[in-house]
Amino acid sequence: MTNGTQITITEAAYSERSILEDLMQKYLHTFAAFEELALDEAGRYEYQYLDLYWQDDNRHPFLTRVNNKIAGFILVNQQTFMEEADICIGEFFVVPNYRRRYIGKKMAFYIFDKFAGCWEIRQTSQNTAAQSFWQSVIHEYTDSEFQDYPRGAKGWTGPIQTFNSRKSI
């Protein structure tokens with residue numbers, strides 16, 4: 001990233017739901033390489049939980065912008081597999097042209113700092129790029145102070161990491 005790049009991460013208002021829904025289609029298209037996802041009759045992937053992010057107080061949708069352009073989203077919830085975890089990232093997406101520019105790392109650090117508690121981060125076993133990204137981000141964020149479950153646990157078959165966030169902003 002060059003100097004002068006402005007990254008903003010804000011909780012998505014319901015009026016921004018359509019932006020998140022469109023980004024979700026791009027995310028699920030990418031995710032379909034790792035999981036068998038079917039298109040509906042309109043040619044769209046279904047994500048049944050999206051509306052819950054404005055209905056359930058334990059779910060939080062965030063949009064990321066770089067220089068006022070949409071760059072990704074984060075969905076945070078409490079649907080954890082590990083007993084020690086309080087909070088997790090349900091979905092995390094960086095628009096492809098913003099990848100490998102530290103946007104994802106900044107998004108992750110921001111959200112970890114925003115919610116104090118024990119975090120759980122999960123990846124599918126097939127998504128090796130996500131595994132590398134999260135290992136790197138969590139190592140740096142925690143100074144290597146985290147628990148790693150490479151084979152998953154409690155019904156999740158992919159890698160899981162748990163750690164405590166540094167602070168709450």
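Helices (H or I, at least four residues) and strands (E, at least two) are DSSP runs, numbered from the N terminus. The model is predicted: local features need pLDDT of at least 70, side-chain atom pairs count only at pLDDT 80 or more, and totals for chains, interfaces and linings use all residues. Residues are numbered from 1 along each chain as its sequence is written, and side-chain values use heavy atoms, with hydrogens and water left out.

**Pocket**

A pocket is an open set of points on a 1 Å grid over the protein atoms alone, where a 1.4 Å probe fits, with protein on both sides within 12 Å along at least five of seven lines. Lining residues have an atom within 4 Å of a point. The largest pocket has a volume of about 1,400 Å³, a volume being the space filled by probe spheres set on points joined across faces, edges and corners. Its lining has 45 residues; Tyr 27, Phe 92, Asn 127, Ala 130 and Trp 134 are the closest to the centre.

At least two lining residues come from each of helix H1 (17–31), strand E4 (87–94), helix H2 (103–114), strand E5 (118–122) and helix H3 (128–142). H3 gives the most, with 8 residues. The lining divides into 23 nonpolar, 11 polar and 11 charged residues. Here Ala, Val, Leu, Ile, Met, Phe, Trp, Tyr, Cys and Pro count as nonpolar, Asp, Glu, Lys and Arg as charged, and the others, Gly among them, as polar.

**Core**

A nonpolar core joins buried Ala, Val, Leu, Ile, Met, Phe, Trp, Tyr and Cys residues through side-chain atoms within 4.5 Å. Buried means under 20% relative accessible area, exposed over 50%, partly exposed in between (1.4 Å probe, protein chains only). The largest nonpolar core has 43 residues; Phe 73, Ile 89, Ile 111, Phe 112, Trp 119 and Trp 134 touch the most other members. H1, strand E2 (60–66), strand E3 (69–77), E4, H2, E5 and H3 each supply at least two residues of this core.

Contact means heavy atoms within 4.5 Å. Leaving out residues up to four places away in sequence, Trp 119 touches residues including Val 76, Cys 88, Ile 111 and Phe 163. Val 66 lies in strand E2. Val 66 and Trp 119 are 53 residues apart in sequence and 25 Å apart in space, C-alpha to C-alpha.

| Residue | Relative accessible area |
|---|---|
| Val 66 | 3% |
| Cys 88 | 0% |
| Cys 118 | 9% |

**Cysteines**

A disulfide is a pair of cysteine sulfur atoms within 2.5 Å. The count is 0 disulfides. The sulfur of Cys 88 is too far for a bond, because the closest cysteine sulfur, in Cys 118, is 11 Å away.
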